[in-house]
Amino acid sequence: MESHRPNRIPELPSLSGGVHLLESESVRGPLQTLVLDHVLTNRGPAYWIDTHGHATTQPLARLAPDPQVLDRIRVARGFTTVQHYALTETLATVVDGTASLIVCPAVDGLYRDDGFREDERQAMLVRVLAMVSALAREYDLPVVLTRTQGDAFSEPVANAAGDVIECEQTRMGPRFCSSTFETLVYPLGNGQVQTTLSFWERILKARQPVYDTAQIGPQSPEVPADGTY
């Protein structure tokens with residue numbers, strides 16, 4: 001297999017203001033990598049409303065080139081529909097102009113099966129999407145969503161997104177593409193195609209020169225905590 005310019009700094013999509021939907025066969029790895037890359041190259045905290053264990057500490061800590069960057073990722077976890085909805089409402093009270101990113105993985109997941117009628121659950125999901133979309137507009141913030149399935153129930157998620165970022169595995173390596181860019185993340189060194197956390201860890205380490213030159217704001221003294229921001 002051919003070598004792919006091992007000395008080149010790998011490129012990753014930059015997240016502009018607005019709602020982005022990340023679509024991938026597996027978002028674990030690509031999602032954490034995009035979030036860490038954005039936090040390392042932008043000022044301000046990222047707010048992450050987690051479900052289904054996407055923000056577990058071990059993968060984030062393993063991928064982060066500098067563990068201090070994790071202090072700027074504030075995670076709150078919802079385990080039920082009501083908790084997730086309440087956290088989204090709370091988000092509007094804590095996000096301000098200093099925030100750099102909002103992350104809502106599997107945003108439809110908890111609304112698929114709970115003690116509500118389907119029309120009630122779908123209405124709650126739509127309101128959640130409206131709330132994060134409003135924050136994106138008010139503060140020109142990027143919001144990254146993922147969904148558990150691409151079906152009629154999650155169609156409002158796709159409709160809320162102004163941009164869809166697809167990450168697909170190719171023979172050459174993972175490729176991010178949207179309507180505005182196409183980024184082929186070349187494997188490093190030996191040319192082997194990998195999609196493991198180790199691969200994404202190496203990508204972020206190789207991008208260290210980008211982080212060294214980025215203007216990063218002061219570290220937040222706050223410590224991420226489950227259920228609160």
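**Entry 1. His-38.** I started with His-38 and found it buried, with a relative accessible area of 7%. Buried is used here for under 20% relative accessible area, exposed for over 50% and partly exposed for what lies in between, with a 1.4 Å probe and protein chains only. The model is predicted, so I kept to its limits: local features need pLDDT of at least 70, side-chain atom pairs count only at pLDDT 80 or more, and totals for chains, interfaces and linings use all residues. Residues are numbered from 1 along each chain as its sequence is written, and side-chain values use heavy atoms, with hydrogens and water left out.

I placed His-38 in helix α1, which covers residues 30-41. Helices (H or I, at least four residues) and strands (E, at least two) are DSSP runs, numbered from the N terminus. Which residues does His-38 touch, not counting those up to four places away in sequence? I listed Leu-15, Ser-100, Leu-101 and Pro-142, where contact means heavy atoms within 4.5 Å. For Ser-100 I also noted its backbone oxygen, 2.9 Å from a polar atom of the His-38 side chain.

**Entry 2. Confidence.** I then read pLDDT, the predictor's confidence in each residue, from 0 to 100. The protein has a mean of 86, and 86% of its residues reach 70 or more. Two stretches stay under 50: residues 1-5, with 13 contacts beyond four places in sequence, and residues 216-227, with 29 such contacts. Where pLDDT is low, the predicted coordinates should not be read in detail.

**Entry 3. Overall figures.** I counted 7 helices and 8 strands. Of the 229 residues, 48% count as buried. Among contacts between residues at least 6 apart in sequence, 76% join residues at least 24 apart. The protein exposes about 10,500 Å², of which carbon and sulfur atoms supply 49%; the areas come from the Shrake-Rupley method with a 1.4 Å probe, and for residues only the protein chains shown count as cover.

**Entry 4. Positive phi.** I looked up two residues that are not glycine but have a positive phi: His-52, at about 60 degrees, and Asp-140, at about 50 degrees. His-52 sits in the loop between β2 (46-50) and α2 (57-63). Asp-140 sits in the loop between α4 (118-139) and β5 (142-145). Are they buried or exposed? His-52 has 43% relative accessibility and counts as partly exposed, while Asp-140, at 57%, counts as exposed.

**Entry 5. Asp-50.** I went to strand β2 for Asp-50. Asp-50 is buried, with a relative accessible area of 1%. Its side chain makes a polar contact of 2.8 Å with the side chain of Trp-48. A polar contact is a pair of N or O atoms within 3.5 Å; within protein, one must be able to donate a hydrogen and the other to accept it, and residues adjacent in sequence count only if both atoms are side-chain atoms. Beyond four places in sequence, I found Asp-50 in contact with Ala-55, Val-75, Ala-76, Arg-77, Gly-78 and Pro-105.

**Entry 6. Helix α6 and the aromatics.** In α6 (residues 197-206) I noted Phe-199, Trp-200, Glu-201, Ile-203 and Leu-204 as buried. Their cover includes α1, α2, β7 (173-177) and α7 (208-213).

My search of the whole structure gave 2 aromatic pairs. One of them is Phe-199 with Trp-200, edge-to-face, at 5.1 Å centre to centre and 80 degrees between the planes. Rings of Phe, Tyr and Trp (its six-membered ring) pair if their centres lie within 6.5 Å; planes under 30 degrees apart count as stacked, over 60 as edge-to-face and the rest as tilted. Phe-199 has a relative accessible area of 1%, and Trp-200 likewise has 1%. Phe-176, Phe-199 and Trp-200 form one aromatic cluster.

**Entry 7. Nonpolar cores.** A nonpolar core is a set of buried Ala, Val, Leu, Ile, Met, Phe, Trp, Tyr and Cys residues joined through side-chain atoms within 4.5 Å. Which members of the largest core touch the most other members? Of its 32 residues, I noted Leu-22, Leu-36, Trp-48 and Phe-176. The elements that give two or more residues to this core are α1, β2, α2, β3 (73-77), β4 (101-104), β6 (163-170) and α6. Helix α1 gives the largest share, 6 residues.

For Leu-36, leaving out residues up to four places away in sequence, I listed contacts with Leu-60, Leu-63, Ala-64, Val-69, Leu-70, Ile-73 and Leu-204. Apart from this core lies another, of 27 residues, among them Leu-21, Val-132, Leu-135 and Leu-141.
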